[in-house]
Every structure is written in structure tokens, then in C-alpha cells.
Amino acid sequence: MKLVRPVRIAPGVYQLRAIGAKVTALFGEDGVVLVDSGGRGSVGLISAGLRALGSSLEMVRLIVLTHYHPDHAGNLSKLVAATSAKVAVHRQEAAIINGDEPAPNPYRHSLVAGLTKPFINKLYGGPVAVDYPLEDGDSLPDLGHVQAIHTPGHTSGSLCLYVAPHKTLIVGDALRHRFGRLGPPAASVTRDPVEAMKSLEKLLALDFDIICFGHYPPLRKDARAALQRLVQKSG
Ligand SMILES: [Zn+2]
């Protein structure tokens, strides 16, 4: 498999290529925490990315999902099988991940949701037991300096991860960064766009310079000021 260099974000924080959304790797003293799992079929890419950093799938202790959408969570069952990692997700999406509740279709428009249903359901890799249902403000079990921030809107249990020592925020799909511009999540696949904007306002309480996105290049400086401009413009 062609090796794609991981992108360094901050000390011990790297983004790895995957199918679908990117995976962020956080390196701690005892192992690696992955944020999101990528879409189905991403295990080889994630393994190659970790090896390029002198690590391996065996070092992965925990996988935290930013939300249940298949481009972020579809590879979870295979990744857990390949790593024996524990799984953390916001409490509100634990029942979707462990299979007790069906995954709501990401498309908000009911007609589009109906048309895409047979296809979307194939993108999920099967139920996985959730070891840590997270609440707003929780520190990660294996990485105490990383905090889970509940940012509902894109989905009801969307999480951002805040790495305070490196002033870095990992936002999943809570924000987009297209063509050098920061924007709210795509309305077509966002459960509640008004709530999503309120969550972005909440993030302004944090001190950060860098944002990592699920699908776009990182914003490497003055990220909080850019978010402040976006919130003011939308208010
Ligand atoms: Zn999403």
C-alpha cells in the first residue's frame, strides 16, 4: 500500500489519511488514542500511517468518535478487532454505536434520506460495545489532558476534542474549512443547524490556535479569531 505521510499538527498530534474522514492520532506515554475510525476499509491506511510514525495498531488504547456518521465510524468494528482498543463516544450516541438503536440517516431531507437509505446502511461496519459514554467536559480515560466538548447540532452527540496544552481543537464535522474559509457544517447532513451554531459559540470559551477538521486542511493559526468572526457574522 502506498505510504502517505501523516500530517503533524502539534507535538504528539497527527492526522492520518483514511477512507472518508481523516483520523487524528494523539500520542501519550502509554500508547495512542485515535479520534474517529475512518470509513469502512480504512484499517490498512491507518496502520500505514501509524507505522510511518514509529507506532502500530497494537499501540492504540482508545478510539474516540466525534459522531456516528459512517465516514467517521464505519470502520470502527474492524479497527477495534485490529487493535483491541476501548471505545468512547458521547453518551447520546452510545446506543447507535452498540446497535441498540438504528443510526439516523445523515441526510436531513426526508426524500434524500429515503433514497440513500439502502446505500448508507451498507457503510456501517456493525455494532461495537461502547466502553466509555462521555459527557461534556470529561477528560479522556487514557489521556487526561484531552477534554471532550459536547457540541450538538451536526448530530445530537457530536463531540470536539480539546488538547489544551497545544491549544488544538479537533472538531470532526462541527466546522468546515473549505477554500481557506471557516464555515458551519453542511446543512444537508446536519440534524439541527441552529443548534450547531450555538455549539460553535460555546467553543469560543476555549483558548485555541489550531483546528483539525474531519475533511479539510487544518487551520494552523489564529483559529479562535476566525471562529469568532464566523459566529459574529452568523449572529
Ligand atoms: Zn458528519
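**A walk through the sheet and its helices**

Start by selecting A25, which stands opposite L34 in β4. You're looking at a predicted model, where local features need pLDDT of at least 70, side-chain atom pairs count only at pLDDT 80 or more, and totals for chains, interfaces and linings use all residues. Residue numbers start from 1 along each chain as its sequence is written.

Now widen the selection to β3 (residues 23-27) and β4 (residues 32-35): they pair in the antiparallel sense over four bridges. Pairing here takes at least two DSSP bridges between the strands. Strands are DSSP runs (E, at least two residues), helices are too (H or I, at least four), and both are numbered from the N terminus.

Next, show the whole open sheet: seven strands with mixed pairing, in the order β1-β2-β3-β4-β5-β6-β7. β1 (7-10) and β7 (132-134) are at the edges with a single partner strand each, so one side of each has no neighbour in the sheet. On average, neighbouring strands are turned by 25° against each other, direction ignored.

Then pick helix α3 (residues 76-83), which lies across β5 (60-64) and β6 (86-90) and runs at about 165° to β5. Angles run from 0 to 180 degrees between N-to-C directions of axes, lines fitted to C-alpha atoms (for helices, over the stretch in contact).

Last stop: α6 (residues 193-203) and α7 (residues 223-234), whose axes come within 10 Å and cross at roughly 140°. Select M197, L200, E201 and L203 of α6 with L227, L230, V231 and S234 of α7 to see the contact. Contact means C-beta atoms, placed from the backbone, within 7 Å.

Notes
Contact = placed C-beta atoms within 7 Å.
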